[in-house]
Every structure is written in C-alpha cells, then in structure tokens.
Amino acid sequence: MKKLLVLFLLTLMACSSFNDQFDILILNGKIYDAEARTFFDGDVGIKGDKITAIGDLKDQKANQLIDAKGHIVSPGFIDMHAHIEAIMRMPSAENFVRQGVTTVLAGPDGRGPANLGNFLDSLSRYEIGLNTAWLVGHNSVRRAVMGTENRMPTEAELNQMKEIVQNAMNHGAYGISTGLKYVPGSFSKVDEVIALSEVAAQSGGIYTSHLREEGLGLLDGVKEAIQIGQEAQIPIILTHHKAIGKPMWGASSQTLAMVDSARALNIDVMMDQYPYTASSTSLSVLIPTWALAGGQEAFKERVEDPATRKKIHEEIMFNIEYDRGGADLAVVQFANVRWKPDLNGKTLKDWAIEKGLEPDFSNGADLVIEGQLNGGAQCIFHAIGEEDVKRIMQHPLAMVASDGGLAQPGQGHPHPRSYGTFPRVLGHYVRDENVIPLELALAKMTSLPAKRLGFTDRGLIKEGMQADITIFNPETVDEGGTFEDPHHYPTGIPYVIVNGKLTVEGGEMTGNTGGQVLRKIRQL
C-alpha cells in the first residue's frame with residue numbers, strides 16, 4: 001500500500017511539474033505574429049521541442065528564463081539557399097545559427113547529392129546545429145549518368161535520371177534544383193529539365209533554379225524557368241535573383257514584371273535573394289561551358305590548341321567586359337585559392353599587377369585560363385547594382401537566402417553573406433535604409449519560406465509548433481563582416497533556439513545541438 005501511495009505521489013508531482021513548469025520561458029518580448037505580420041507583447045513557454053504556451057506567463061516556473069525586453073521574438077529564420085555540403089565536418093553550422101537561422105534548404109544550384117537517401121541516412125547519425133531540408137541536384141544527377149558530356153541524353157539515360165530523382169523524392173527531398181549556368185547542367189535542353197521536374201512535381205516537390213543566364217541572357221533565363229514550372233506543373237523559385245553586369249543593371253524591373261505576369265496566369269513563381277551587390281561562384285563561370293565539357297584534361301587539351309584557345313580567350317574577354325567580370329579586373333576578388341593562398345582577398349587586377357602585366361581584359365582572360373589550369377578558384381564578383389538589390393527586396397514574394405557556405409574564421413576569404421545575410425537585411429536595409437518594413441522582412445525569413453516548403457510545424461510562433469525561435473535586438477542587430485574582412489559573426493542576436501534547445505546564449509554557441517534532418521512526406 002505504501003508503495004502504491006509513493007507511486008501515486010510521484011506521478012502527481014510529475015504531472016504538476018509538466019503542467020506548471022517550462023523548460024524555457026521567454027519573458028517580456030515583442031512577439032512577431034507572422035500570419036498577421038504584426039507584433040504583440042507577451043511571453044513564450046517551451047516544453048521539450050514545442051512551443052506550449054503564449055501569453056502572460058510571468059507567474060509560471062521554468063528551468064531557464066530569458067528576459068527578452070527590448071527584443072523581437074521571431075520564428076527561427078529559414079535560409080532558402082545554403083551550401084552546407086560540408087556539414088558532416090562542421091555539424092554545428094555556427095556561421096548560420098549565429099545569424100538566427102534555424103533551418104536551411106540545402107542542395108541548391110543543381111548540387112544536391114544524387115544518392116540523397118544514403119546521404120540523409122548518414123547525416124541523421126550526426127548531431128547538427130540546425131534543421132536541414134534537401135533538394136536533389138540536376139547537375140549531380142546528370143553527372144552520375146552522363147559525366148560532363150555536352151549532348152542530349154538517350155532515352156535510357158533520361159529514364160535513369162528520372163529514377164534517381166524519384167528515389168530522392170521517395171527519401172524526403174523537397175524538390176529539384178538546377179544550375180543551368182554550370183557544367184553539366186548547361187548542356188541540357190529545356191525538355192530534359194521539364195521531364196525531371198515533372199517527377200519531382202508528382203511527389204509535391206518544388207523547382208529552384210540558378211538560371212541559365214543572369215547577365216545578358218537574364219530575361220531568357222527567367223522565361224525558361226517560368227516555362228519549366230508551367231509545363232511541369234511545379235512551384236518555381238528563381239534563386240538568388242539578380243541582374244549581373246552593368247549592361248543589365250535595372251533589368252530587375254522587367255524580371256519582376258515577368259514574375260507578376262506569370263502569377264496572374266496562375267503560374268506559381270517566387271524568388272529568393274541575398275542582400276549584397278556581389279555574387280560568389282567559381283572562377284570558371286567566366287569560361288564558356290563548352291570549353292569545360294569532359295573535365296579538366298579536356299579543357300587543358302583545348303587551350304593547348306591555338307585556334308581553340310583563341311576562341312576561349314575571346315569569350316572570356318567578353319564575359320569580363322559585359323557579364324560577371326563587371327568590365328574591370330578589380331571586380332573579380334579571390335575567395336579561396338588553394339594553389340596560391342596569398343591571393344585570397346585580392347583581385348584579378350592585383351594578380352595581373354603582381355605578374356607585371358597590364359590589367360586589361362586580354363591579360364585577365366589569360367590569367368583566368370591559368371587559374372583554371374591550376375585547379376580553379378572560388379571568387380567574389382562585384383557586379384550587381386544596388387538599385388536592383390533594393391527593387392527585388394521590395395517585391396512581396398522575394399524571400400531571404402544567403403547562398404552562403406559553411407565557414408570558420410581563418411579559412412579562406414568567403415563572401416560575407418556566409419556570416420551576415422539575415423542581420424544585414426534587418427540592420428542595413430530595414431533599420432538604416434528603410435527599404436522594407438521589419439514586418440515584411442521577417443515574413444520573408446519565416447512564414448513565406450515555411451509555406452513554400454510545405455512546413456506545417458515551423459515558421460510561426462504558435463502553440464504546438466516546433467520551438468525554433470530567434471531573439472534579436474532591432475536597434476543593434478548588424479552584420480559583422482565585410483568584403484575586406486569577412487570572418488566576423490553578427491551582433492544583436494543574443495538567443496537562438498532550435499527545436500527547444502538553447503543553441504545560442506548571450507551571442508555565443510552553447511554546444512547544444514537541436515537540429516533535425518527534415519524529410520518531406522511524399523504527396524501521392
């Protein structure tokens with residue numbers, strides 16, 4: 001009888017604890033209502049990995065109290081374009097989490113793992129700092145079947161690619177990504193991309209595209225993406241949307257009009273964007289893709305042939321003058337040069353001068369060829385107009401995305417977007433420049449991407465939702481890094497909670513890892 005009484009009392013105490021006590025209690029914050037796009041004063045209670053109460057909770061008990069006075073309590077930010085291929089080496093994803101990012105969409109630009117099921121199974125065994133959702137990459141799929149050959153697939157090869165996409169969707173992919181500017185995706189025709197996108201669409205997936213061209217061919221690139229979405233009946237994201245190269249500055253007026261016109265025809269197209277006037281990709285983006293077909297050895301053979309080298313050289317010069325090269329060798333900044341690390345942070349112009357060359361387009365083209373023969377490099381291209389950045393940001397359906405990679409202080413010279421995308425929007429463009437209101441900015445970071453990905457348990461602060469929460473000070477939030485000195489974490493984001501785990505406290509990582517590998521439930 002005594003044992004039964006003790007058991008009863010312990011059960012009663014446990015129930016009382018469950019009802020009255022939270023694991024984390026956030027007090028005195030200004031809570032962002034992402035559905036109404038307004039703020040209200042209140043408290044948030046978290047138990048386990050869920051938000052369990054919202055309101056006046058000051059008399060409640062909790063294992064940990066957070067005083068959010070003077071701070072915004074927002075749903076955790078969702079990054080719609082993240083390069084986290086190295087997450088098994090850097091599982092904390094610190095440079096993302098300290099921006100307030102609690103979930104990323106990975107595998108963009110056609111680079112998602114071809115064998116996504118095996119990859120996700122492996123990743124699930126790691127303790128990671130944020131939630132990851134994944135796309136299957138068209139370039140990876142094509143490379144697995146056809147290598148880097150510059151031709152159309154046979155019927156058998158196309159069917160094999162369809163099977164890979166279907167397998168990825170069966171294992172939880174959120175859609176398919178393309179990088180039609182890059183090898184081997186650049187060799188595909190639109191019918192191939194439509195056929196593979198139809199497979200993703202049948203499982204409820206989305207289509208995100210690094211357009212075939214973002215410079216002089218931008219309008220055709222947008223038109224092609226809209227065509228793919230329309231014919232495959234799949235929702236579209238024009239990812240890291242921009243207008244590259246001075247001849248195209250201002251073209252966002254036309255691309256946004258194309259988006260609005262498509263939506264008026266019930267074609268479901270949206271965008272994402274990073275808030276910078278520079279892009280970052282490989283040095284090889286200046287080289288015509290036909291010259292890269294077949295891999296590095298094939299490229300070497302081509303540039304050893306005088307006539308072929310002359311043609312490659314001319315096309316590189318064109319790209320330097322009119323496209324991503326920005327008509328100035330100083331526009332091309334090295335980010336990661338393994339074969340010559342002292343170039344990191346310097347420009348193509350600096351390298352030309354170091355070699356005693358006139359920094360003109362011709363010598364620049366020669367150096368691009370030399371750099372590619374040495375193994376290539378990651379570069380930053382300062383070739384985007386500020387007015388286009390602002391205009392795209394103001395569009396109600398342009399979400400925020402970093403296009404950043406996993407970064408650690410002292411490693412290379414990355415684009416500062418890897419550390420500062422979300423705080424830059426909140427600090428520079430919202431608070432300092434008044435380009436968009438805070439309410440809209442937060443929607444672009446939370447509810448809009450959550451809806452696009454079909455999340456029903458994230459992107460809002462509501463009872464029963466996953467406890468992904470970012471707490472920031474709207475008066476002090478700011479990016480820390482610059483193009484000259486990128487390795488700095490942001491300021492003004494003291495707390496980040498991932499699935500109920502306090503991951504950032506006082507602006508520093510706690511060592512807690514609450515991230516989950518998210519898999520889309522297949523829609524039949």
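**Exercise 1. Determine which backbone oxygens the side chain of Arg417 reaches, and whether Arg417 is buried or exposed.**

Solution. 

Step 1. A polar atom of the Arg417 side chain lies 3.1 Å from the backbone oxygen of Asp403. The model is predicted: local features need pLDDT of at least 70, side-chain atom pairs count only at pLDDT 80 or more, and totals for chains, interfaces and linings use all residues. Residues are numbered from 1 along each chain as its sequence is written, and side-chain values use heavy atoms, with hydrogens and water left out.

Step 2. The side chain of Arg417 also reaches the backbone oxygen of Ser280, at 3.1 Å. A polar contact is a pair of N or O atoms within 3.5 Å; within protein, one must be able to donate a hydrogen and the other to accept it, and residues adjacent in sequence count only if both atoms are side-chain atoms.

Step 3. Arg417 belongs to helix H14 (residues 417–432). Helices (H or I, at least four residues) and strands (E, at least two) are DSSP runs, numbered from the N terminus.

Step 4. Arg417 counts as buried because its relative accessibility is 3%. Buried means under 20% relative accessible area, exposed over 50%, and partly exposed in between (1.4 Å probe, protein chains only).

Step 5. Leaving aside residues up to four places away in sequence, Arg417 touches several residues, including Gln99, Tyr274, Tyr276 and Gly404. Contact means heavy atoms within 4.5 Å.

**Exercise 2. State how many cavities of 30 Å³ or more the structure holds, and describe their linings.**

Solution. 

Step 1. The structure holds two cavities of 30 Å³ or more. On a 1 Å grid over the protein atoms alone, a cavity is a set of points where a 1.4 Å probe fits but cannot get out, and lining residues have an atom within 4 Å of a point. Grid points are joined across faces, edges and corners, and a volume is the space filled by probe spheres set on the points.

Step 2. Strand E17 (residues 398–400) supplies the largest share, three residues.

Step 3. By class, the largest cavity is lined by five nonpolar, three polar and two charged residues. For the second largest cavity, the classes are seven nonpolar, one polar and one charged. Ala, Val, Leu, Ile, Met, Phe, Trp, Tyr, Cys and Pro count as nonpolar, Asp, Glu, Lys and Arg as charged, and the others, Gly among them, as polar.

**Exercise 3. Give the strand order of the open sheet of four strands, and explain why strands E8 and E18 stand at its edges.**

Solution. 

Step 1. The order is E8-E7-E6-E18, with parallel pairing. Two strands pair if DSSP finds at least two bridges between them.

Step 2. Strand E8 (131–134) and strand E18 (404–405) each have a single partner strand, so one side of each is left without a neighbour in the sheet.

Step 3. Four bridges join E8 to strand E7 (residues 101–106). Val104 has Thr132 in E8 as its bridge partner.

Step 4. Asn131 lies in strand E8 and is buried, with a relative accessible area of 0%.

Terms used
On a 1 Å grid over the protein atoms alone, a cavity is a set of points where a 1.4 Å probe fits but cannot get out, and a pocket is an open set with protein on both sides within 12 Å along at least five of seven lines; lining residues have an atom within 4 Å of a point.
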